[in-house]
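Here is my note for your first read of this structure. Keep the sequence and the 3D view side by side, and take the points in order.

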Amino acid sequence: MIRIALVGTGWQGQGHLNTMQNMKNIQVVGVCDVNEDMLKKASTKFSIQGFTSYVEMLEETKPDGVIICTPPEIREFLVRGAAERGIHCFIEKPPAKDLGMANKVQEILEKTGVLNSVGFMYRYSPAVKFTKKLISDRRITLVRSAMLDGLALRPNWPRWFFDKERSGGPAFDQAIHIFDLSRYLLGEVDQLTGYQDNLVVPKVNDFTVEDSFSLTMRYKNGTLQNHTHTWSYPDVFTQIELISHELHITLDLVKGRVSGKIDDETVCFESNEHSLYHLELEAFANAIVENNPDHIRSTYKDSVNSLAVALKAMEALDPSVKVDI
Ligand SMILES: NC(=O)c1ccc[n+]([C@@H]2O[C@H](COP(=O)([O-])OP(=O)(O)OC[C@H]3O[C@@H](n4cnc5c(N)ncnc54)[C@H](O)[C@@H]3O)[C@@H](O)[C@H]2O)c1
């Protein structure tokens, strides 16, 4: 049994607390939030001791690992506080708000040597594992990906997501999942270009993010990808389509399904395992129990490269740089 503490008891923090209720090898020993209402709700709902002071939580509960679920600008002092006490760190995506902070966090993790994992849960999907193996010795020429979600249509969603300065908008906060997974499957991105707009929800007052964008990426190995993304869609849809002269495969990340054709043979894979959050937390717990980082599929060091792509995507989508016809 390992002891886990969690900081940031909002949407994602409560999601992880829910998941950990069903994990036999994890005991959650403390939760922390600066917002007393959020903290009270979580500590009451999950019957866990609550703290408004992070350091007090670490000192009093002496956890083996901490799960960090705060917005991306709040990472460095939380990682430092844990890592310098020898406490292993699971850090939600995005790994940081900018590369300066990410490099400082990486330095702390390297110096202290604690285990670390970033919440890119799609890497734990059995459908992704299947796809990675399927294409391991193939050249992918074209990729079509889409992530369609309805965050901009949800009035109760935490408002900081709609503040471009704080969340970075869909291109930074959410598309980083696609950038990370594409890197995991295809390699490193070389160049990007694209367009963004507010096609459904206009920019007003506290809504300063684009609601949709389209991005074209070129990989170092020559693969070309087009990615379409919106926060103004009435459902949830996330797919990556891999294309070449010998295959056409669709990876559906919502359904956990792979379908299509390879060398004219039909491919069909579906997994019953849909709780990717469970799998990523289980990997973190197993890494701590066995003191073995090999369980972790997304280290902080690697996640910094996905952060770099997300930051470049924001630059490429900057509406002030336009080519008119
Ligand atoms: N992997 C996923 O699928 C996924 C999904 C949603 C959110 N996230 C990520 O999780 C993180 C949190 O997002 P969320 O949706 O839970 O946001 P949220 O606003 O619902 O929750 C964040 C919580 O952090 C608390 N907080 C802020 N500063 C703090 C501090 N210094 N100390 C303690 N608590 C502090 C806030 O009071 C709030 O309760 C973000 O990085 C987000 O991108 C990941």
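1. Start with a term. Helices here are DSSP runs of H or I with at least four residues, numbered from the N terminus. Helix 8 covers residues 170-186, and L185 belongs to it. Bear in mind that this is a predicted model.

2. Stay with L185. Is L185 buried or exposed? Its relative accessibility is 12%, and buried means under 20%, so L185 counts as buried. Leaving out residues up to four places away in sequence, L185 touches V128, K132, I135 and L251. H295 is another matter to check: L185 and H295 are 110 residues apart along the chain, and their C-alpha atoms are separated by 18 Å.

3. Now step back to the whole protein. The protein has 10 helices and 14 strands. Its radius of gyration is 20 Å, close to the 20 Å from the globule rule for 325 residues, so the protein is as compact as a globular protein of that length. The C-alpha trace spans about 60 × 45 × 35 Å along the principal axes.

4. Look at burial and surface. Of the 325 residues, 54% count as buried. The protein exposes about 15,300 Å², and carbon and sulfur atoms supply 50% of that area. The charges number 35 positive and 43 negative, and their mean positions are 1 Å apart.

5. Next, the domains. The assignment gives domain 1 as 2-121 + 277-298 and domain 2 as 122-272 + 308-316. How many residues does each domain bring to the contact? Domain 1 gives 22 residues and domain 2 gives 21 residues. The domain centres, taken over C-alpha atoms, lie 26 Å from each other. Consider also the contacts between residues at least 6 apart in sequence: 70% of them join residues at least 24 apart.

6. Finally, inspect the backbone. Most residues other than glycine have a negative phi, and most peptide bonds are trans.

   - K93 and P94 are joined by a cis peptide bond, with omega about -15 degrees. P94 sits in the loop between strand 5 (88-91) and helix 5 (99-112).
   - K62 has a positive phi, near 45 degrees. K62 is in the loop between helix 3 (54-61) and strand 4 (65-68). With a relative accessible area of 54%, K62 is exposed.
   - D263 has a positive phi, near 50 degrees. The loop between strand 13 (257-262) and strand 14 (265-270) holds D263. D263 is partly exposed, at 43% relative accessible area.

Methods. Residues numbered from 1 in each chain as written. Predicted model: local features only at pLDDT ≥ 70, side-chain atom pairs only at ≥ 80, totals over all residues. Heavy atoms only, no water. Helix = DSSP H or I, 4+ residues; strand = E, 2+ residues; numbered from the N terminus. Rg over C-alpha atoms; globule rule 2.2 N^0.38 Å. Buried < 20%, exposed > 50% of the residue type's maximum accessible area, 1.4 Å probe, protein only. Contact = heavy atoms within 4.5 Å. Areas by Shrake-Rupley, 256 points an atom, 1.4 Å probe, with all protein chains shown as cover. Lys, Arg positive; Asp, Glu negative; His and termini not counted. Charge placed at Lys NZ, Arg CZ, Asp CG, Glu CD. Domains from an automatic or database assignment.
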